[in-house]
Amino acid sequence: MTDSQLIREIKEGNLELYSELMSRYQRKILAFVYHMLKSSNMELLAEDLCSETFYKAFRSLHSFREVDASFSTWLYTIARNTVLSELRKQRSGSVPLEESGIVPIAPSENAPEYAVLRSERVMLVRDAINNLPEKQRSAIILREYDQLDYQEIANILGQSVSSVKSLLFRARSSVKTQLEPYFFEPVYEPYEGMKNR
């Protein structure tokens with residue numbers, strides 16, 4: 001069953017099909033939200049904001065029109081707006097951890113993200129992406145991690161396709177510049193004394 005068929009069924013009252021729709025996008029939306037929060041060290045909120053995204057989508061599903069955008073584009077837009085709203089909220093009034101209701105959990109060594117983070121190169125790339133300005137970061141995550149096409153990214157970010165290409169170019173250049181010191185192999189010229197040995 002396609003997304004369109006599922007949405008039609010849900011709109012007609014078959015609400016239990018929403019879980020099928022969620023399962024198709026949950027992993028991607030969680031990864032997207034996680035990456036957006038990482039630069040602010042708020043990735044512990046990723047699951048909550050992912051759930052909030054799906055809740056908002058469910059509440060607004062009656063207003064979703066496929067002629068305006070695909071469901072995935074619409075869902076990513078909700079996720080992005082939810083994260084940006086949370087980031088603004090956090091910046092405007094820092095709440096002490098004790099009052100936030102957030103219970104920090106040490107990552108389990110068996111957690112999938114922990115396994116990925118073991119690789120030093122992956123961490124360096126992620127850090128470089130997290131240092132990017134918000135729109136560049138969103139564009140590169142949507143393109144490289146979620147494999148969305150330029151038009152879908154443009155719809156999510158509210159930009160033209162050419163602006164998205166420009167954002168991606170600048171993002172990739174910035175990531176490359178940030179990573180060059182780590183992957184550059186210095187070339188040492190032999191000095192005079194070495195030749196005589």
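Reader: Hi! Which residues does serine 72 touch, leaving out those up to four places away in sequence?
Author: In this predicted model, serine 72 touches Tyr25 and Glu152.

Reader: And where is serine 72 found, and is it buried or exposed?
Author: Serine 72 is in helix 4. Its relative accessibility is 10%, so it counts as buried, the cut-off being under 20%.

Reader: Nice. Which salt bridge does lysine 89 form?
Author: The side chain of lysine 89 meets that of glutamate 86, at 3.4 Å from N to O. The two are about one helical turn apart, because they sit three residues from each other in helix 4. Glutamate 86 is buried, with a relative accessible area of 10%.

Reader: How many salt bridges does the structure hold?
Author: Six. One of them joins arginine 24 to aspartate 3, with the closest N and O atoms 2.7 Å apart. That pair links distant parts of the chain, arginine 24 in helix 2 and aspartate 3 in helix 1, 21 residues apart.

Reader: Which residues are linked with Arg24 in a network of salt bridges?
Author: Asp3 and Glu20 are linked with Arg24 in that network.

Reader: Switching topic: which members of the largest nonpolar core touch the most others?
Author: Leu21, Ile29, Val33, Leu37, Leu61 and Phe71, out of 50 residues in that core. Several helices each supply at least two core residues, including helix 2 (18-38), helix 4 (71-92) and helix 10 (161-183).

Reader: What does valine 33 touch, again not counting residues up to four places away?
Author: Valine 33 touches Ala46, Leu49, Ala79 and Val83.

Terms used:
Residues are numbered from 1 along each chain as its sequence is written. This is a predicted model: local features need pLDDT of at least 70, side-chain atom pairs count only at pLDDT 80 or more; totals for chains, interfaces and linings use all residues. Side-chain values use heavy atoms; hydrogens and water are left out. A nonpolar core is a set of buried Ala, Val, Leu, Ile, Met, Phe, Trp, Tyr and Cys residues joined through side-chain atoms within 4.5 Å. Buried means under 20% relative accessible area, exposed over 50%, partly exposed in between (1.4 Å probe, protein chains only). Helices (H or I, at least four residues) and strands (E, at least two) are DSSP runs, numbered from the N terminus. Contact means heavy atoms within 4.5 Å. A salt bridge is a side-chain nitrogen of Lys or Arg within 4 Å of a carboxyl oxygen of Asp or Glu.
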